[in-house]
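Hi,

Here is the structure I promised to pass on. Have a look at it first, and then read on for what turned up.

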Amino acid sequence: MSPGRCCGPTPAPTSPTCGAPRTAARCSPGSSPSPWWRWPPAPGSANSSRPASTTTRRAASRTSPRCSTSTTAWATRGPAWGTRRPALAEPKAAHTPRPPFPAASFPTDYVRAVFGNREPVLEEILRDSVLERGLPAIQVDDNAGRILQLLVMLRRPRHVIEIGTLFGYSTIHLARGLPEDGRLTTLEIDPAAAGAARRNLDRAGVGERVEIVVGDASGYLATVPPESVGMIFIDADKKSYARYLAACFPLLEPGGLLVADDAFAQGDFSGESAEGGEGERERKAIHAYNRAVGRSPRLFSAFLGTRNGLLVSYKG
Ligand SMILES: C[S@@+](CC[C@H](N)C(=O)[O-])C[C@H]1O[C@@H](n2cnc3c(N)ncnc32)[C@H](O)[C@@H]1O
């Protein structure tokens, strides 16, 4: 949960909606002595092309997240995205700062000036969901919503999955971009949020194209046939991002898009953790996701500069 996400009519409340029951993330300090995504790779490892120098070893131990590799090692296997990136292209990653990163400024007012005010139906949905129903205003910002719609319009997927519906704000944008024969399945663990989403989707005129599945996202993802989904948007509990990556990658068809929100790992995610705390675990989990995606030879990825950052990956 990030207060910076609030673009609703009130400041973001600190409701623990996003702290609904979680499966423990598999990130554990020091759980793997030689993660596959670490740069530089250990000498002699699969992605090593040269012996590690003292300098590079020091850089790696200073900057590498300490997340287990087990959930994401699959991403290096199978047919590569082009060829594996040359060794010299990567060492900069060793200097990646650990999250949290310095707060970035986003020109919200300028974006609003260009695109105009939010549509009345979206304004009503936000007011009703946040002020009347007390749901947290942690939906995507309006420009991120436009980007989601744009990505769907460009990709024209027949099936889109969203992980983390809340009251359906991003869902509406995704659904609006669908082609004629497209459908969207959105996954939400909180029944109250899912109920609000159903009403909001109908209100926005996209209800017929969207199925809401209430429950832990992992249960539904396990039922989806491999390579059958054109786009997946991940925006649920941050600690599970690596788990979602492992679950979603096989479901994407070649050419499919994987999009993760909060990719800049900034803000306060404490409301998304049942244990509370500073949200440090969430930030590390997002960072581990970013690194895993960035290193995968099967995904071509780029950050899109929304307020909280989207990481968009194309499966080759
Ligand atoms: C950040 S909000 C989603 C916001 C929404 N995508 C938007 O921008 O309008 C995250 C949502 O994920 C849900 N969630 C958390 N853990 C989940 C899980 N394991 N399975 C499904 N949904 C989950 C929370 O209840 C919350 O509603």
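One cut-off before the details: I call a residue buried if 20 or more other C-beta atoms lie within 10 Å of its own, and exposed if 12 or fewer do. Also bear in mind that this is a predicted model.

With that cut-off, D142 comes out as buried, because 22 other C-beta atoms lie within 10 Å. D142 sits in helix α4, which covers residues 142-155. Its C-alpha atom is 9.2 Å from that of Y169, a residue 27 positions away along the chain.

Now for the whole protein. There are nine helices and seven strands. Of the 316 residues, 46% count as buried. Among contacts with a separation of 6 or more, 78% are between residues 24 or more positions apart.

Next, the ligand. The shell around the ligand has 20 residues, and Q139, G164, Y169, S170 and A217 are the closest. Two elements give two or more residues to that shell: α5 (169-176) and β2 (183-188). By type, the shell divides into eleven nonpolar, four polar and five charged residues.

How much of α5 is covered? Most of it: seven of its eight residues are buried. Those are Y169, S170, T171, I172, H173, L174 and A175. Within the pairing, L184 stands opposite V210 in β3.

Back to α4. This helix has 14 residues and reaches 20 Å from its first C-alpha to its last, close to the 20 Å expected at 1.5 Å a residue. Its buried residues include D142, N143, A144 and G145, along with L148, L151 and V152. What do the buried residues of α4 pack against? The list is α2 (108-115), β1 (159-163), α5, β4 (229-234), β5 (252-261) and β7 (310-315).

Finally, some backbone angles to look at. Just after α4, R156 takes a positive phi of about 50°. L166 has a phi near 50°, a positive value in a residue other than glycine, and it lies in the loop between β1 and α5. E227 is not a glycine either, yet its phi is positive, at about 50°; this residue is found in the loop between α7 (217-221) and β4.

Are L166 and E227 buried or exposed? L166 is buried, because it has 27 other C-beta atoms within 10 Å. E227 is exposed, because it has 12 other C-beta atoms within 10 Å.

Cheers

Notes
Residues numbered from 1 in each chain as written. Predicted model: local features only at pLDDT ≥ 70, side-chain atom pairs only at ≥ 80, totals over all residues. Near = placed C-beta within 6 Å. Helix = DSSP H or I, 4+ residues; strand = E, 2+ residues; numbered from the N terminus. Nonpolar A, V, L, I, M, F, W, Y, C, P; charged D, E, K, R; others polar. Contact = placed C-beta atoms within 7 Å. Pairing = 2+ DSSP bridges. Expected span 1.5 Å × (residues − 1).
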